[in-house]
Amino acid sequence: MGRLFGTDGVRGLANSFLTPELAFDLGRAGAYVLTKKFKHSPKIVIGTDTRLSGDMLKAALTAGMTSVGASVTDAGNIPTPAIAYIAKKHFDAGVMISASHNKFCDNGIKFFSSDGFKLSDELENEIEEYIFDKKSEIPRSVNEDIGTFEICEYFLDDYTDYLVETAEGTKLGGLKIALDCSNGATFESAPLVFHMLDADVFVTANEPDGININDGVGSTHIEHLTEFVKECGADVGFAFDGDGDRLICVDENGNVVDGDMVMSILAHDMKNNGKLNKNTVVATVMSNLGFFNGCQKHDIETVATKVGDRYVLEKMLEDGYNIGGEQSGHIILTDYGTTGDGTLTAVQLAKCIKLSGKKLSELNTVMKLLPQVLVNAKIPNDKKQDCMVNPEIAARIKELEQKYSGSGRVLTRPSGTEALVRVMIEGENLEEIGNDAKELAGFMEAYYN
């Protein structure tokens, strides 16, 4: 059996790998598995980011789900964390159509259960078995049992009202906030939230046309927001990715504040206010060494997981921690939500700035960043795992690990969403680690291409 689901749902080139036929099958199998779980025809909410292929895949998914009797409600263009929130509040499940930070030509499908969390591995595996192994014929609903479809336009307001409530009465009047919406799913919701909180709001990349999502803007192209913050004279800038579950920031001087830094600031503030559960923050092995050193310096415990927000969340729920995330900007605050939420994190950071009376650059002193380089080696999907155990590549990695022992580290891992193996090196000399990372990535590519 193949494997459809990665660390963040099913993702690939729209209408090539992720075809309407596959979306239909996912809709049928997903709704049927949920039907067995709930013992009734499920109510499912579906949302999309702003990609051109979103409507095509939504139509196919909806057809598949209604064919087994599910009732489907379309929430329109909306962030991924909004679907998680709405599913938990009103539905048996949610489905988001998005490829997050990827280019517009890609798309993805991820399911959320009625508790607002991504589906378990067990449920994803069961869905795959129906698709690949045809473990049994999925019955088709007929007559009055065929599912229904409707469009609901008020869910965006429901979600933005909830985000405003997480500020717990704090208003942001006097703060100049710049927003880069990545021409993606936050293009309406994020500006609305900060207007409702009385901030002075400046917005860029909020005119999606189906193909400009993540195109030189957003959390993976932070240079756009850096220039925009300088133009506006903003106190802080917030950049989201295409589906709104990531946040990367820019301080008033135009300096980047990444996910590790944001977690450091928020965890430190939570500790000072007696709100940091078990005095611990959860990160991944890809977090900067400076993050771990900074937390230790301020007597905050850390736990490191595999890369992927689902693994961070799994550890948080297992041990009762209430903040965790990734350097890339996936930050989970379980006091408020069930998944990474860029706008929620931005609200909490803006609240911290407002109540402290300090600038973001002044708050961003918990950790000292160690130079870090991340280089992507383009490796075919079916060769990524082999790359991780290849003896010749392992020998190259071991040489670098010995070189940086005590003063840095070397990490390699296959991407869960793209045909890439990521090579990360930390050390004291930026030029040196950059050259070493490029050389290792180049060796990997040459071996498999």
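This is a predicted model: local features need pLDDT of at least 70, side-chain atom pairs count only at pLDDT 80 or more; totals for chains, interfaces and linings use all residues.

Modeller: Residues are numbered from 1 along each chain as its sequence is written, and side-chain values use heavy atoms, with hydrogens and water left out.

Colleague: What makes a stretch a helix here?
Modeller: Helices (H or I, at least four residues) and strands (E, at least two) are DSSP runs, numbered from the N terminus.

Colleague: Which residues of helix 5 are buried?
Modeller: Phe 155, Leu 156, Asp 158, Tyr 159, Thr 160, Tyr 162, Leu 163 and Val 164.

Colleague: And what covers the buried residues of helix 5?
Modeller: The cover includes strand 2 (43-48), strand 3 (71-77), helix 3 (80-90), helix 6 (189-196) and helix 11 (342-356).

Colleague: Why is Asp 158 called buried?
Modeller: Buried means under 20% relative accessible area, exposed over 50%, and partly exposed in between (1.4 Å probe, protein chains only). Asp 158 has 12% relative accessibility, so Asp 158 counts as buried.

Colleague: What makes Lys 89 and Asp 158 a salt bridge?
Modeller: The term needs a side-chain nitrogen of Lys or Arg within 4 Å of a carboxyl oxygen of Asp or Glu. For Lys 89 and Asp 158 the closest N and O atoms are 3.0 Å apart, and the pair forms a salt bridge. It links distant parts of the chain, with Lys 89 in helix 3 and Asp 158 in helix 5, 69 residues apart. Lys 89 has a relative accessible area of 47%, so that end is partly exposed.

Colleague: How many salt bridges does the structure hold?
Modeller: It holds 21. One of them joins the side chains of Glu 124 and Arg 310, at 3.6 Å from N to O. Glu 124 sits in helix 4 (residues 121-133) and Arg 310 in helix 10 (residues 309-319), so this pair ties together parts 186 residues apart in sequence.

Colleague: Are Glu 124 and Arg 310 buried or exposed?
Modeller: Glu 124 has a relative accessible area of 4%, so Glu 124 is buried. Arg 310, with 14%, is buried as well.

Colleague: Which residues are linked in a network of salt bridges?
Modeller: Asp 8, Arg 11, Lys 110, Lys 118, Asp 243, Asp 245 and Asp 309.

Key:
Contact means heavy atoms within 4.5 Å.
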